[in-house]
Amino acid sequence: MTTPQNSDLNPDQFGLDTLGVRAGTLRSEFMEHSEALYLTSSFCFDNSAEAAHRFANAEEGFVYSRFTNPTVAMFQSRLAALEGGEACMAVASGMSAIMSLVMATLQAGDHIVSSQSIFGSTIQMFSGIFGRFGIETTYVDPTKPEAWRAAVKPNTKLFFLETPSNPLTEVSDIRAISAVAKEAGALLAVDNCFCTPILQRPLEHGADIVIHSATKHLDGQGRVLGGAIVGSRELIMGKVFPFVRQAGPTLSAFNAWVILKGMETLAIRMERHSASALTLATWLESHPNVERVYHPALPSHPQHAIAMRQQSGGGAIVSFVVRGASPEAQRANAWRVIDSTKVCSITGNLGDTRTTITHPSTTTHGRMTAEAKAVAGISEGLIRLAVGLESVADLQADLARGLDSCEI
Ligand SMILES: *Cc1c(COP(=O)(O)O)cnc(C)c1O
């Protein structure tokens with residue numbers, strides 16, 4: 001039987017660094033120091049009565065790894081403690097976290113108000129998949145609380161927000177939007193993938209639910225997929241847990257174990273990601289061949305004041321627009337910068353120790369129409385950088401190589 005060790009640390013009494021290393025730890029009779037990996041699909045019972053009680057949820061304990069596993073439980077407790085939430089349900093990916101939230105809380109005929117600046121697959125899922133099941137979604141400019149209010153309908157049940165957004169790092173006022181959600185009787189879910197609880201704790205600002213793609217910073221080393229939903233015990237245990245138990249979008253114990261190891265260094269990684277990103281953003285802003293730079297910690301950022309109130313750092317994402325005489329010239333220059341790098345990886349992932357660089361207009365946002373790109377600010381010169389943990393001087397030199405040789 002596992003015994004709680006640091007699973008009962010009161011999150012209010014410990015710092016985030018301590019919680020990231022210790023919260024949620026369970027130890028077996030062997031008293032292992034590091035978290036154990038429980039690779040088992042089911043758990044045994046002493047007798048029939050115990051089996052009956054466990055199956056009926058009348059007694060705490062592990063039953064079957066589709067819904068209860070000690071390694072996964074450690075990940076859930078640690079993330080709940082970091083986010084300051086009562087409970088957490090782990091799932092297989094960030095997308096399955098959003099799917100599970102919708103499946104657990106909405107039904108046909110309900111309406112979602114969502115930021116228009118969210119992860120592309122989330123839009124595909126809301127409109128493409130849930131649209132078929134009678135759930136309608138309206139998309140709004142996330143930085144305007146009045147736009148959220150105007151989109152509310154009598155059947156609105158969920159608000160969905162990502163802040164900062166990707167790739168333009170637009171920052172939305174969680175508290176203001178949560179006030180609109182409360183007026184509407186809707187739940188506010190915030191996808192906290194870019195900040196993680198180290199830089200931003202949405203529940204403290206009035207959000208009801210936090211969504212994570214643990215694939216990104218929580219693991220932080222680009223190794224596994226994972227996801228999670230954090231919120232009140234009533235919502236998580238009453239609605240999300242039964243859905244995951246029956247439908248099975250479960251996080252594997254192995255992936256939970258890998259992510260737990262990542263979370264031990266989350267606080268120091270996020271601080272370094274933010275510091276390096278700001279150094280690069282500041283340098284890029286002074287470069288003659290750069291038209292514009294987006295990073296929440298830059299004083300020139302349109303929502304800098306909200307960002308500094310709501311977040312304790314700007315995060316890893318820096319986007320910038322390379323100059324050019326025409327959209328075609330801008331694209332050629334952006335590709336030149338990307339193709340001249342030797343340290344950065346050309347890939348769509350983010351939240352990794354390795355810096356990644358992408359051209360949104362022709363990759364992550366390539367399926368948008370020209371008009372939609374123009375509205376969303378996805379120009380041909382735009383480059384997204386997800387700053388990793390390499391020496392910042394090496395990253396600057398890597399970008400300068402292409403930037404200095406642009407044809408303007
Ligand atoms: C990557 C990502 C997701 C999806 O996560 P997966 O783990 O890839 O399923 C959702 N939201 C945001 C903001 C992301 O960056």
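This report visits a strand, the nonpolar cores and some salt bridges.

## How to read the model

This is a predicted model, in which local features need pLDDT of at least 70 and side-chain atom pairs count only at pLDDT 80 or more, while totals for chains, interfaces and linings use all residues. Residues are numbered from 1 along each chain as its sequence is written, and side-chain values use heavy atoms, with hydrogens and water left out.

## A covered strand

Let's begin with strand β14, residues 382-386, where 5 of 5 residues are buried. Here, buried means under 20% relative accessible area, exposed means over 50%, and partly exposed lies in between (1.4 Å probe, protein chains only). Helices (H or I, at least four residues) and strands (E, at least two) are DSSP runs, numbered from the N terminus. In a regular strand the side chains alternate between the two faces of the sheet. In β14, Leu382, Arg384 and Ala386 point one way, and Ile383 and Leu385 the other way.

Which strands pair with β14? Strand β11 (residues 317-322) runs antiparallel to β14 and is joined to it by 5 bridges, with Ser319 opposite Arg384. Strand β13 (residues 356-358) is also antiparallel to β14, over 3 bridges, and there Thr356 has Ala386 as its bridge partner. Two strands pair if DSSP finds at least two bridges between them.

## The nonpolar cores

A nonpolar core is a set of buried Ala, Val, Leu, Ile, Met, Phe, Trp, Tyr and Cys residues joined through side-chain atoms within 4.5 Å. The largest one has 37 residues, and Phe75, Leu79 and Met263 are among those with the most contacts inside it. Helix α3 (70-83) is one of the elements that supply at least two residues of this core; its share, 8 residues, is the largest. A second, separate core has 29 residues, including Val63 and Val91.

## Salt bridges

The structure holds 17 salt bridges, each a side-chain nitrogen of Lys or Arg within 4 Å of a carboxyl oxygen of Asp or Glu. In one of them, the closest N and O atoms of Arg149 and Glu183 are 3.1 Å apart. Arg149 lies in helix α6 and Glu183 in helix α7, so this pair ties together parts that are 34 residues apart in sequence. Arg149 is partly exposed, at 42%, whereas Glu183 is exposed, at 56%.

Glu380 and Arg331 form another salt bridge, with their closest N and O atoms 2.7 Å apart. Glu380 is buried, at 17%, while Arg331 is partly exposed, at 32%.
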